[in-house]
Amino acid sequence: MKLLEHFKELSIYPQNAKELKGLILQLAIQGKLTQAFRESHPELVEGSHSAKTLLEQIQAEKAQLIKDKKIKKEKVLPPISKEEIPFGLPDSWEWCRLIEVGQIIGGGTPRANNPEYFQENGIPWLTPADLGSYKDKFISKGRRDISELGLAKSSAKLMPKGTVLFTSRAPIGHIAIAANSIATNQGFKSCVPFIMDMNEFIYIHLKASVKRINDNATGTTFKEVSGKEVGKILIPLPPLAEQKAIVQIVDTLFKEVEALEELTQKRVQLKEDFISSALRRLSEGEVEKEWAFLQQHFSTFMTEESNVKKLRECILQLAVQGKLTRAFRESHPELVEGSNSAKTLLQQIQAEKAQLIKDKKIKKEKALPPITQEEKPYDLPEGWEWCRFQEIFDIRDGTHDSPKDSSNAKTYPLVTSKNFKNNKIDFDSARRISEEDYLKVIQRSQVHKGDVLFSMIGGNIGNQVEVGDFTEFAIKNVALFKHYKFGLPADGFLKLFSKYLAMDLQSRAAGGAQPFVSLKLFRNVVLGLPSLNEQQAIVTKVNELMALCDTLEQEIAKNKEAATKLMQSVLREVFQGKPDSVARPVSLNRPEELAIAAEPKAEYK
């Protein structure tokens, strides 16, 4: 039984894969993957193949390089104290420092303004950025090539094939092995092993030790670890034969984890394709029939947050098109014409708006252009009316000035879109302004309960909050949607439509739209207006369906957490649990080891 077959119902997401690989690395450098290898090779404990002998060979090689003046003799290192040792080692292993097994080499950068220092087909020259997204173990090229003259005119050094490359700043811990001769800038502290066959084990050890190294780094603007500190890094040294066995096992396990991750990605894509198709049918076909079909498959296909997000978007689209309330309209024919119709409601709102203008509470704006046939995005249900956003809601924005922070006794929050968190206003993170500045701002844009604040600038266009009971705050650089009279349209309809508007704007922004939405655009948005009673029915229906989406997301989060814990538990049992499970070379595709995972675990039922 392969790991892929055993875990076919588990999903390995990128974070899971990262954690699994981290666990594998930790077990590898502690000798817990190769207990059976040691038991079958007793000659590695003492004698010519032991770690102790290997260390002596390394020291002799190093001494010869010093004698030949190929490397400099460094200061005597302090002995390794018990406090430094992070974990116990197998009897046949030895603790040493990285500088004892390899030369630590920094890098350098020639002047960028001299083209003679760089040339095509020169010496590959790396910066930390070159390893930022690099996933392979071996690297052969850098972003640029450096000339021999450029190498001579900087502190960069030509390092041989097999060098273990380690970024020591901005950021710490990107690691690769040079597949050919290579040079780096000063963001590296690389290790040239005195015995080159050790390079892949050193690579594994550094990968496993990045967090510990980063925790001990210094710096304020950015963290950095010096060559001296890199040299002091402790390394558990197995016999050379066991090092090679460890490398082989880690490579095999990593490939299996990556295969699981790829399988998960394919599974997720299939589910997304199904949901996209089902939601398209839901939007275009008979809503009740297609909804019943979709619900039958929730447990199978609604297992990803991305699919629930698509469902939410579809619900909003169906809501504003009147497709959620067809049965409601059929049972209320009186809403098509008469005093309860959308046409009458629109007249009522316009009368309220005219009165506010007459009372000089709002300014009269320029006449809105008539709605053209091309602007109508869908067919309206019978009884609905086309209108522009400004016709039924007051559209404003916050101040564009920058009032100074105030520490007076009486201050007020100045809210921007940066203070929108989890669909609420985080007043604690808002700046505080004086009462004088507050009173100036609210002359332009005073907020009331039920208003919607809507981000109109930058990458978070469409982020929004509905104003609650607390209204004593000012706003800056956000759109403000207000009712001309609260309750017209129905409570909740503004919030629902603004969420739909955000979805539409974000989809357009993803296609390259400018990162700013003007008030003119908001005011001219075209929407379909149902009767007041149908608005209330739409809001109720949407709230029910969004609550269902909340439940689906909670289940997804719960299942993912349980799956992650189960996976970690299974692997720990495989690697560490029973003595007989580590009495042989460990492989994740052993059926007798993976059988542990098949046993039901009460805590995850």
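Contact here means heavy atoms within 4.5 Å. Among contacts in the chain between residues at least 6 apart in sequence, 75% join residues at least 24 apart. The model is predicted: local features need pLDDT of at least 70, side-chain atom pairs count only at pLDDT 80 or more, and totals for chains, interfaces and linings use all residues. Residues are numbered from 1 along each chain as its sequence is written, and side-chain values use heavy atoms, with hydrogens and water left out.

The chain has 20 helices and 21 strands. Helices (H or I, at least four residues) and strands (E, at least two) are DSSP runs, numbered from the N terminus. Of the 605 residues, 48% count as buried, that is, under 20% relative accessible area with a 1.4 Å probe, protein chains only; exposed means over 50%, and partly exposed lies in between. The accessible surface comes to about 31,600 Å², of which 50% belongs to carbon and sulfur atoms. Accessible areas come from the Shrake-Rupley method with a 1.4 Å probe; for residues, only the protein chains shown count as cover.

A nonpolar core is a set of buried Ala, Val, Leu, Ile, Met, Phe, Trp, Tyr and Cys residues joined through side-chain atoms within 4.5 Å. The largest has 65 residues, of which L294, L311, F389, F481, L501 and F522 touch the most other members. Helix 17 (residues 493-510) gives the most to this core, with nine residues. Beyond four places in sequence, F389 is in contact with I395, F481, L494, F497, L501, F522, R523, V525 and L527. Another core, of 53 residues, lies apart from it; A28, V164, I204 and I213 are among its members.

T163 lies in the loop between helix 6 (148-152) and strand 6 (164-168). T163 is buried, with a relative accessible area of 0%. Its side chain reaches the backbone oxygen of P160 at 2.7 Å. Neighbours within four places aside, T163 contacts A176, I177, A178, S190, C191, V192 and M196.

Two open sheets were examined. Strands pair if DSSP finds at least two bridges between them. Strand 13 (residues 411-415) pairs with strand 19 in the parallel sense over two bridges. L414 has A474 of strand 19 as its bridge partner. Axes are lines fitted to C-alpha atoms, for helices over the stretch in contact, and angles run from 0 to 180 degrees between N-to-C directions.

The other sheet has four strands in the order 12-20-17-18, with antiparallel pairing. Its edges are strand 12 (393-397) and strand 18 (464-466). Neighbouring strands are turned by 20° against each other on average, direction ignored. Three bridges join the antiparallel strands 17 and 18. V452 stands opposite E466 in strand 18.

D451 is found in the loop between helix 16 and strand 17 (452-455). At 3% relative accessibility, D451 counts as buried. The side chain of D451 reaches the backbone nitrogen of H448 at 2.7 Å. Residues up to four places away in sequence aside, D451 touches Q446, V465, E466, V467, L480, F481, K482 and H483. D451 and T471 are 20 residues apart in sequence and 9.8 Å apart in space, C-alpha to C-alpha.

Key:
Polar contact = N/O pair within 3.5 Å; in protein donor to acceptor, adjacent residues only side chain to side chain.
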